[in-house]
Amino acid sequence: MSPLKAGDKAPQFSLPDQDGEIINLSDYLGQRVLIYFYPKAMTPGCTIQACGLRDEWDKLKQMGVEVLGISTDKPEKLSRFAEKEMLEFTLLSDYKHEVAEKFGVWGAKQFMGKTFDGIHRISFLINTKGEIEHVFDKFKTADHHQIVMDYLTTHP
């Protein structure tokens, strides 16, 4: 696994959102976008991470930052997750993990002694030109939102 780095061009993609509508990264050109990859909707860690971003949603919007959460869950599950947790940002379904592979966040993981392939919890801030501005890869689910907000506050 080799995640993309700051300065790399963000790979273009089109994925279905929680409502089944196709969302293109190119739709956000000219805006900053936080793309956060997470393993599985409705699990404890992913819920904590999503709710942290939800709680900062108004500030993120004021800063001109859109949020796209990407997992391998199907749109139906993402819809239930967004509704249950009152998430206002967009969740995208990368069920074939093609986008995760393009960003370099798909690879071997270990859980309870078993090794399997899955999404690694890494976030990318994309700048207005479609380039990766910053990579967030050292955080806990409970402080992900604060690390993102700290960066955005010091790099407006």
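Helices here are DSSP runs of H or I with at least four residues, strands are runs of E with at least two, and both are numbered from the N terminus. This is a predicted model, in which local features need pLDDT of at least 70 and side-chain atom pairs count only at pLDDT 80 or more, while totals for chains, interfaces and linings use all residues. Residues are numbered from 1 along each chain as its sequence is written, and side-chain values use heavy atoms, with hydrogens and water left out.

Five strands line up as β5-β4-β3-β8-β9 in an open sheet with mixed pairing; two strands count as paired if DSSP finds at least two bridges between them. At the edges are β5 (90-93) and β9 (132-136), each pairing on one side only. From one strand to the next, the twist averages 20°. Strands β8 and β9 run antiparallel to each other over four bridges, and L125 stands opposite H134 in β9. Helix α3 packs on the sheet and touches β4 and β5, with its direction at about 160° to that of β5. For such angles, axes are lines fitted to C-alpha atoms, for helices over the stretch in contact, and the angles run from 0 to 180 degrees between N-to-C directions.

Zooming out, the protein has five helices and nine strands, and from the N terminus on they run β-β-β-α-α-β-α-β-α-β-β-β-β-α. Buried residues make up 49% of the 156 residues. Among contacts (heavy atoms within 4.5 Å) between residues at least 6 apart in sequence, 64% join residues at least 24 apart. The C-alpha trace spans about 40 × 35 × 30 Å along its principal axes. A compact globule of 156 residues would have a radius of gyration near 15 Å, and the protein has 14 Å, which agrees; the radius is taken over C-alpha atoms, and the globule rule is 2.2 Å times the number of residues to the power 0.38.

How values were computed
Buried means under 20% relative accessible area, exposed over 50%, partly exposed in between (1.4 Å probe, protein chains only).
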